[in-house]
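These are my notebook entries on a protein chain. I looked up its disulfides, one of its sheets and its aromatic rings.

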Amino acid sequence: MKIFASILAFTVGFALADGPLEDTCSEWELWNPQPQVWYLQGHCLDNKGKNICSHASLDACYAVDDSGALQPQQWGQGLVKCKKCVTDQLRLTCDCKNKDGDYITTERGLDDAMTNHNGYLSCFGLDGVECPDSK
């Protein structure tokens, strides 16, 4: 029985470390080192329970459709059409350009595209990288 409980605890811990952002990640920060280049940084648990700081390019995860709305899409390059992006918990809000060239405010759940993959922010199988100052 003890062995079964240990295996179950390991399996649950493994499942939680690879999964929804809400359950395994915290301390969100959105930054743009250049105009219209956006990264999401967060701290996520890996499969061993270690807290890892990583960041991922949101252009690799989102596109902007003709109406100016953010949509999950691998290599969408969408945020180059956006400005004034902010995060509030697990929501991403940006002013994005529609096909007419007007900026509209659009909002999307970060977990619509982003996941935790063994401690690293990830989308569509593309893992982010460890924060430079976290080693």
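This is a predicted model: local features need pLDDT of at least 70, side-chain atom pairs count only at pLDDT 80 or more; totals for chains, interfaces and linings use all residues.

Is C25 buried or exposed? C25 has a relative accessible area of 10%, and buried means under 20%, so I recorded C25 as buried.

C25 and C44 form a disulfide with their sulfur atoms 2.0 Å apart. This pair links distant parts of the chain, since C25 is in strand 2 and C44 is in strand 3, 19 residues apart. C44 is buried as well, at 0%.

I next counted the disulfides and found that the structure holds 5. One of them joins C61 and C123. C61 lies in the loop between strand 4 and strand 5 and C123 in strand 11, so the pair ties together parts that are 62 residues apart in sequence. Its torsion is about -80 degrees, so this disulfide is left-handed. C61 is buried at 0%, and C123 is buried at 1%.

Strand 11 pairs with strand 12 in the antiparallel sense over 2 bridges, and C123 stands opposite L126 in strand 12. The open sheet has 4 strands in the order 1-10-11-12, with strand 1 and strand 12 at the edges.

Finally, I searched for aromatic pairs and found 1 in the whole structure. W31 and Y39 are stacked, 4.8 Å centre to centre, with 20 degrees between the planes. W31 is partly exposed at 26%, and Y39 is partly exposed at 23%.

Terms used:
Residues are numbered from 1 along each chain as its sequence is written. Side-chain values use heavy atoms; hydrogens and water are left out. Rings of Phe, Tyr and Trp (its six-membered ring) pair if their centres lie within 6.5 Å; planes under 30 degrees apart count as stacked, over 60 as edge-to-face and the rest as tilted. Buried means under 20% relative accessible area, exposed over 50%, partly exposed in between (1.4 Å probe, protein chains only). Two strands pair if DSSP finds at least two bridges between them. A disulfide is a pair of cysteine sulfur atoms within 2.5 Å.
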